[in-house]
Amino acid sequence: MNHPYLLLWLEGPLQAWGHDSRFGRRDTLDFPTKSGVLGLLCCALGAGGEQREWLARLADLDLQLLAYTPADKLGKATPRLPLLRDFHMVGSGYDDADPWQSLLIPKTSEGKKAVGGGTKMTYRYYLQDMAFAVALQVPADEADSLAAALQNPVWDVYLGRKACVPTELIYQGVFATAGDALVAAANLAAQKGRAPSFAVRQGEHDGEVITLNDVPLQFGQHKRYRDRRVTVLPVDTDG
């Protein structure tokens with residue numbers, strides 16, 4: 001059976017796609033992760049919990065994307081802006097007399113309260129002024145329901161973190177192939193004065209091959225993932 005592709009347009013002043021973060025340092029990948037994209041779909045569907053069976057249907061399907069930055073006067077992609085670093089203090093303000101709130105107060109390795117009431121410093125990193133055209137392959141019998149959910153989401157959808165609000169409609173159509181979807185994305189990008197910066201293709205191709213632990217097997221309280229190989233390519237070599 002041929003599986004169609006959803007075209008998602010992910011654009012906003014800030015985006016954050018974590019893949020290797022620690023509590024005190026919340027990094028972002030240079031482009032959306034598969035887990036982040038599927039999590040966005042779960043928000044649109046209002047689907048909570050583990051979602052193991054649904055995730056299994058999408059785990060091996062294709063995901064390709066093109067990254068866009070604003071175009072210069074010659075129509076070429078401008079350099080990506082540096083990551084924005086945001087500073088947060090977390091862990092303060094909880095009532096340690098309340099059993100539930102007490103669990104949220106950071107502890108030392110011995111389980112004791114840290115000096116300063118358990119307050120912890122964190123640094124969070126964000127992509128700035130990026131747009132991504134994501135061609136996501138989906139089961140044919142789910143394409144219509146996913147398209148409807150993206151146009152009328154049950155829960156708020158966001159670009160990685162809840163602070164990252166999209167500034168364009170995410171759903172941009174259903175297409176027979178990834179190529180068709182990305183051509184439509186290129187037309188939208190041209191209208192917006194954006195030019196392609198780089199591409200990411202699933203699997204190993206001629207380019208920079210990297211391994212991401214971003215294929216979700218289970219959401220919910222105890223999340224589980226497996227690895228995926230992707231190739232990052234300059235757009236002029238992406239055939």
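Modeller: Gladly! Here, a residue counts as exposed when its relative accessible area is over 50%, and as buried when that area is under 20%. Please keep in mind that this is a predicted model.

Biologist: Which residues of α5 are exposed?

Modeller: Let's begin with the buried ones: Ala178, Ala181, Leu182, Ala185, Leu188 and Ala189. They cover an arc of only 110° around the axis, so they lie on the same side of α5. On the other side of this helix, the exposed residues are Val183, Ala190 and Gln191.

Biologist: What do the buried residues of α5 pack against?

Modeller: Their partners are strands, and there are several of them to find in the picture. The buried residues of α5 pack against β1, β3, β5, β6 and β7.

Biologist: How far apart are the end C-alpha atoms of α5?

Modeller: Helix α5 has 14 residues, 178-191. At 1.5 Å a residue, the helix should span 20 Å. The computed distance agrees with this: 20 Å.

Biologist: Is Glu142 buried or exposed?

Modeller: Glu142 is found in the loop between β5 and α4. Leaving aside neighbours within four places in sequence, Glu142 is in contact with Trp54 and Arg57. Its relative accessible area is 11%, and buried means under 20%, so Glu142 is buried.

Biologist: Which residues touch the most other members of the largest nonpolar core?

Modeller: This core has 40 residues. Among the elements that give it two or more residues are β1, α1 and β5. The residues that touch the most other members are Leu10, Phe31, Phe132 and Val134.

Technical notes. Residues are numbered from 1 along each chain as its sequence is written. This is a predicted model: local features need pLDDT of at least 70, side-chain atom pairs count only at pLDDT 80 or more; totals for chains, interfaces and linings use all residues. Side-chain values use heavy atoms; hydrogens and water are left out. Helices (H or I, at least four residues) and strands (E, at least two) are DSSP runs, numbered from the N terminus. The expected span of a helix is 1.5 Å times one less than its number of residues. Buried means under 20% relative accessible area, exposed over 50%, partly exposed in between (1.4 Å probe, protein chains only). The arc is that of the directions from the helix axis to the C-beta atoms. Contact means heavy atoms within 4.5 Å. A nonpolar core is a set of buried Ala, Val, Leu, Ile, Met, Phe, Trp, Tyr and Cys residues joined through side-chain atoms within 4.5 Å.
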